[in-house]
Amino acid sequence: MTRASKRKSDNQTSAPVKTARVDSVRSASSKAAKKVEERIDELYKKYANQSSHMIDPEGVEALCSDLKVDCTDVRILVLAWKMNAQKQGYFTQDEWRRGLKTLKADTITKLKKALPELEKEASKSENFDEFYKYAFRYCLTEDNKKCLDLETGCILLQLVLGVQYQAQVDSFIKFLKSQSDYKVINMDQWTNFFRFCQEISFPDLNNYDTNEAWPLILDNFVDWTKRQENVANA
């Protein structure tokens, strides 16, 4: 009985000590997280426009300069995707916080180091479809706009798909620039071109079936490609 009482007493004594330790760890962790948030916000202020309190195109240009990347570098688009930025060329403070917290980057040096891994993350098969669609939406410069002009669309295709499907992208861009029926690209055409790159044998196009639900622009692209091939072989 005496030993049991002693063990009970020991447990009662150690419980408050353990609780105090847990509270101490939580407090230290909370303080560290707050410091990180403060540094992220300070970094935001460096690039934000003092009038609009947003990072605007001028601020993005300054950010790119500090990161030693070009404004048209795909990594800047990937960074916007990570922030889930809603307007091309602009970052709100909430978007900035969300992206940099996820990346654990509270300095330019850390952010620069995070970009290569972030690019790899976006290129993973489970993420790329989401990123590819985001890129289209992000580059719609006006509210309620649903199509990209051809020039922007061609630049964006080269940026996001050029590395994986260079031959298809080069050929499709050449086709778009040679025709006059289409002035813009919509989301359906955009997503189906990616599907085309994934599924269709290129450049022979042997498994392309016009009876499938392909957008007309891709039917026309296939016809154009075959004509080009016939001319080359004539």
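# Chat: helix packing and pockets

User: Which elements do the buried residues of α3 pack against?
Analyst: They pack against α2, α4 (93-103), α5, α6 and α7. Keep in mind that this is a predicted model.

User: Which residues of α3 are buried?
Analyst: Val74, Ile76, Leu77, Val78, Leu79, Ala80, Trp81, Lys82 and Met83. Note that Lys82 is in that list.

User: How many of its residues does that make, and what does it say about α3?
Analyst: 9 of the 10 residues of α3 are buried, so the helix is largely enclosed by the rest of the structure.

User: Zoom out. How many helices and strands does the protein have?
Analyst: It has 10 helices and 2 strands. From the N terminus on, the order is α-α-α-α-α-α-β-α-α-β-α-α.

User: How much of the protein counts as buried?
Analyst: 38% of its 234 residues.

User: And what share of the contacts comes from residues 24 or more positions apart?
Analyst: 63%, among contacts with a separation of 6 or more.

User: On to pockets. What volume does the largest pocket have?
Analyst: About 460 Å³. Its lining has 17 residues. Cys71, Thr72, Gln88, Tyr138 and Cys139 lie nearest the centre.

User: Which elements give two or more residues to that lining?
Analyst: α2 (57-67), α3 (74-83) and α7. The largest share is from α7, with 4 residues.

User: How does the lining of the largest pocket split by class?
Analyst: 11 nonpolar, 4 polar and 2 charged residues.

User: How much space lies in the second largest pocket?
Analyst: About 220 Å³. It is lined by 13 residues, and the closest to its centre are Val74, Glu119, Leu159, Val160 and Val163. Val74 is also one of the buried residues of α3.

User: Which helices supply at least two residues of the lining there?
Analyst: α3, α5 (108-123), α6 (125-138) and α7. The largest share, 4 residues, comes from α5. By class, the lining of the second largest pocket has 8 nonpolar, 3 polar and 2 charged residues.

User: How many cavities of 30 Å³ or more does the structure hold?
Analyst: It holds 1. The largest cavity has about 30 Å³ of space.

User: Which residues line the largest cavity?
Analyst: Tyr132, Leu157, Phe172, Ile185, Gln189, Trp190 and Phe193. By class, that is 6 nonpolar, 1 polar and no charged residues. Helix α9 (residues 187-199) gives the largest share of the lining, 3 residues.

User: Leu157 and Phe172 are both in that lining. Where else do they turn up?
Analyst: In the contact of α7 with α8. On the α7 side are Leu150, Cys154, Leu157, Gln158 and Leu161. They meet Gln166, Val169, Asp170, Phe172, Ile173, Leu176 and Lys177 in α8. The residues of this contact divide into 8 nonpolar, 2 polar and 2 charged.

User: At what angle do the axes of α7 and α8 cross?
Analyst: Roughly 175°, for helix α7 (residues 150-161) and helix α8 (residues 166-178), with the axes coming within 10 Å. Therefore α7 is roughly antiparallel to α8.

User: What about α9 and α10, at what angle do they pack?
Analyst: About 45°, with the axes 9 Å apart. That makes α9 oblique to α10.

User: Which residues meet between α9 and α10?
Analyst: Gln189, Asn192, Phe193 and Phe196 from α9 meet Ile217, Leu218, Phe221 and Val222 from α10. The contact has 6 nonpolar, 2 polar and no charged residues. Gln189 and Phe193 also line the largest cavity.

User: Last one: Asp219. Where does it lie?
Analyst: In helix α10 (residues 216-233).

User: Is Asp219 buried or exposed?
Analyst: Buried. Its relative accessible area is 14%, and the cut-off for buried is under 20%.

User: Which residues does Asp219 touch, not counting those up to four places away in sequence?
Analyst: Tyr208, Thr210 and Trp214.

User: And how far apart are the C-alpha atoms of Asp219 and Asp209? Which is what I need for a distance check.
Analyst: They are separated by 8.9 Å. Along the chain, Asp219 and Asp209 are 10 residues apart.

How values were computed: Residues numbered from 1 in each chain as written. Predicted model: local features only at pLDDT ≥ 70, side-chain atom pairs only at ≥ 80, totals over all residues. Heavy atoms only, no water. Buried < 20%, exposed > 50% of the residue type's maximum accessible area, 1.4 Å probe, protein only. Contact = heavy atoms within 4.5 Å. 1 Å grid on protein atoms, 1.4 Å probe; cavity = no way out; pocket = protein on both sides within 12 Å on 5 of 7 lines; lining within 4 Å. Points joined across faces, edges and corners; volume = space filled by probe spheres on them. Nonpolar A, V, L, I, M, F, W, Y, C, P; charged D, E, K, R; others polar. Axes fitted to C-alpha atoms, helices over the stretch in contact; angles between N-to-C directions. Parallel < 35°, antiparallel > 145°, perpendicular 65-115°, else oblique.
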